[in-house]
Amino acid sequence: MTRPDPAVLTRIAEKLELLTRVEAEHGFGVRIEGPAPLEPIADLPGVAEVYSLFQRLEGDNFRFHAPKEILTPQAWAEHEVDPNDPMGSPLIVGYEMDSVPPGLRAEIRGGDPIYLDREDLDVYYMESSAYVYQYEHPDEDVEFTVIAPDVATFFDEHVLGPRYPELTSVVFGPAATEQRLRKGRHAGEYADNWRRLLIAAGLSS
């Protein structure tokens, strides 16, 4: 395991500053909170470093915040791996929010999670139903999609960059990337307010 390229961390920080300014100008309704410095975790190079750059990111479709297991070195040391977890007790790096009614988002942490493999540090998506099936049938293969090779690449390219539509497609299906608003001041634009923010900032299309 190697530390993330400092240039990538710098680029993520710069993108967050840009998006914060653009959101203040346009008012798309996303949430960008941070930074929230965390102590590095030796077993997870780069993970705490990335999550130190923000406390919370949230748009119509996704919510991202640091996994509770890495908030302190003590929390990580005390965290127990479930020996019966067929996926090796991955960390949850974020949630899809489309399945959560807007009025309940303050009470519900999210829908299906996006995971970080604690061994190879891949970021991947797996439907909750597939996860349950894997528990019940540990000897069978289930479908999941690796999104990025590490959490820094994930945020740089898939959350804050040009590959955001790919993330949306993986989690919600290709049709979700083309959903448009039918009325209001943003009529005709993409329904996903995080994508509208990225476009306004020149970070995605």
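This is a predicted model: local features need pLDDT of at least 70, side-chain atom pairs count only at pLDDT 80 or more; totals for chains, interfaces and linings use all residues.
1. Which residues of helix 5 and helix 6 meet? On the helix 5 side they are Phe154, Glu157, His158 and Val159, and on the helix 6 side Tyr164, Glu166 and Leu167. Sorted by class, this contact has four nonpolar residues, one polar residue and two charged residues.

2. While you are looking at this part of the chain, find the salt bridge between glutamate 157 and arginine 163, with N and O 3.3 Å apart. Glutamate 157 counts as partly exposed, at 27% relative accessibility. Arginine 163 is also partly exposed, with a value of 31%.

3. The crossing of helix 1 and helix 5 is left-handed. Helix 1 brings Val8, Arg11, Ile12 and Lys15 to the contact, while helix 5 brings Ala152, Phe155 and Asp156. By class, the contact of helix 1 with helix 5 has four nonpolar, three charged and no polar residues.

4. Now look at the charged residues between helix 1 and helix 5. Lysine 15 and aspartate 156 form a salt bridge, and their closest N and O atoms are 2.8 Å apart. Lysine 15 belongs to helix 1 and aspartate 156 to helix 5, so this pair ties together parts that lie 141 residues apart in sequence. Are the two partners buried or exposed? Lysine 15 is buried, at 11% relative accessibility, and aspartate 156 is buried too, at 5%. A network of salt bridges links Arg11, Lys15 and Asp156.

5. How many salt bridges does a search of the whole structure find? The search finds nine. One that is worth a look joins glutamate 69 and lysine 68, with an N to O distance of 3.6 Å. Here glutamate 69 is buried, with a relative accessible area of 10%, whereas lysine 68 is exposed, at 60%.

6. Valine 151 sits in helix 5 and counts as buried, at 3% relative accessibility. With neighbours within four places in sequence left aside, its contacts are Gly46, Val47, Val50, Tyr51, Leu121 and Val123. The C-alpha atom of valine 151 is 9.8 Å from that of tyrosine 115, which is 36 residues away along the chain.

7. Most residues other than glycine have a negative phi, and most peptide bonds are trans. Leucine 121 is not a glycine, yet its phi is positive, at about 70°. Leucine 121 lies in the loop between strand 5 (113–116) and strand 6 (123–125) and is buried, with a relative accessible area of 9%.

8. Serine 89 is another non-glycine residue with a positive phi, near 55°. Where is serine 89? Serine 89 is in the loop between helix 3 and strand 4, and at 8% relative accessible area it counts as buried.

9. That loop, between helix 3 (73–78) and strand 4 (91–96), also holds asparagine 84. Asparagine 84 is exposed, with a relative accessible area of 60%.

10. Finally, have a look at the peptide bond between glycine 34 and proline 35. This bond is cis, with omega about 0°. Proline 35 is found in the loop between strand 1 (31–33) and helix 2 (47–51).

Notes:
Residues are numbered from 1 along each chain as its sequence is written. Side-chain values use heavy atoms; hydrogens and water are left out. A crossing is left-handed if the near helix is turned anticlockwise from the far one by less than a right angle, and right-handed if clockwise. Helices (H or I, at least four residues) and strands (E, at least two) are DSSP runs, numbered from the N terminus. Contact means heavy atoms within 4.5 Å. Ala, Val, Leu, Ile, Met, Phe, Trp, Tyr, Cys and Pro count as nonpolar, Asp, Glu, Lys and Arg as charged, and the others, Gly among them, as polar. A salt bridge is a side-chain nitrogen of Lys or Arg within 4 Å of a carboxyl oxygen of Asp or Glu. Buried means under 20% relative accessible area, exposed over 50%, partly exposed in between (1.4 Å probe, protein chains only).
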